[in-house]
Amino acid sequence: MKKRLASVKRKTKETDITVNLTIGGSGRSNIDTGIGILDHMLELFSFHGLFDLDLKAKGDLKIDIHHTNEDIGIVLGDAFKKALGDKKGIRRYGDILLPMDEALMLAAVDCSGRPYFVWEVALPQPKVGTWDSELAEDFFRALAVHGGLTLHLRLLSGVNTHHIVEAAFKACARALRAAIAPDPRETGVPSTKGTLT
């Protein structure tokens, strides 16, 4: 697949985030968010999506993790949207049933340009380490909305909150990897409208 690159920077009074993203890369990552568990999940996301990802974030962590967590989703979504451009030649749709020990996650994505997000994931525990597990939903919503993605995440089984969250990140990455892969029979934009922007 031809590499597609994007660089996005976002600075507010709450966060300062820089993302360099290569779609169709090798899965290499260099991530520093100041939130250990989120670093780990984004490394998994990069590896399983074969996205090269350099991401640096400084946020008001002394107040709350929420701002940084959500803003990373925003910037990463913006980077995906920018890197995909007009979306010529991609498959557009991707899905997977991904097992992570006892957890089984369904992820389905449409690079439609029409943001929509469905989260049907019950999280048994409120924390994964020091990270509020409900922040997973906020991250993926921001990614979908700013990436122009229709994204469904549905938990089919699971009791371990860490496994469930990890399955969500891996499944989303694998579904995106399938959706943005080249379709050798598609010469234009995969839409009867002629556009996915």
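**View 1. Right-handed crossing of helices α1 and α4 in a predicted model.** The crossing of α1 and α4 is right-handed, that is, the near helix is turned clockwise from the far one by less than a right angle. The axes of α1 (residues 36–49) and α4 come within 8 Å and cross at roughly 30°. Axes are lines fitted to C-alpha atoms, for helices over the stretch in contact, and angles run from 0 to 180 degrees between N-to-C directions. Helices (H or I, at least four residues) and strands (E, at least two) are DSSP runs, numbered from the N terminus. On the α1 side the contact (heavy atoms within 4.5 Å) includes Ile37, Met41, Leu44 and Phe45; among the α4 residues are Val165, Phe169, Ala173 and Leu176. The residues of this contact divide into 11 nonpolar, four polar and four charged, with Ala, Val, Leu, Ile, Met, Phe, Trp, Tyr, Cys and Pro taken as nonpolar, Asp, Glu, Lys and Arg as charged, and the others, Gly among them, as polar.

View 2. Glu166 counts as buried because its relative accessibility is 8% (buried, under 20%; exposed, over 50%; partly exposed in between; 1.4 Å probe, protein chains only). Its side chain makes a polar contact of 2.9 Å with that of Lys170 (a pair of N or O atoms within 3.5 Å, one able to donate a hydrogen and the other to accept it; residues adjacent in sequence count only if both atoms are side-chain atoms). Leaving aside residues up to four places away in sequence, Glu166 touches His40, Met41, Leu44 and Met100.

**View 3. The open sheet β5-β6-β10-β7.** Its four strands show mixed pairing, where a pair needs at least two DSSP bridges. β5 (93–100) and β7 (116–120) are edge strands with a single partner each, so one side of each has no neighbour in the sheet. β7 and β10 (residues 150–157) are parallel over five bridges, and Phe117 stands opposite Leu151 in β10. Helix α3 (residues 135–147) lies across β7 and β10, at about 160° to β7. Helix α4 (residues 161–179) touches β5, β6 (103–110) and β10.

**View 4. The open sheet β1-β2-β4-β3.** Here too the pairing of the four strands is mixed. β3 and β4 (residues 51–59) run parallel, joined by four bridges, and Asn30 stands opposite Asp54 in β4. Helix α1 packs on this sheet, touching β3 and β4, with its direction at about 160° to that of β4.

**Notes.** Residues are numbered from 1 along each chain as its sequence is written, and side-chain values use heavy atoms, without hydrogens and water. In this predicted model local features need pLDDT of at least 70 and side-chain atom pairs count only at pLDDT 80 or more, whereas totals for chains, interfaces and linings use all residues.
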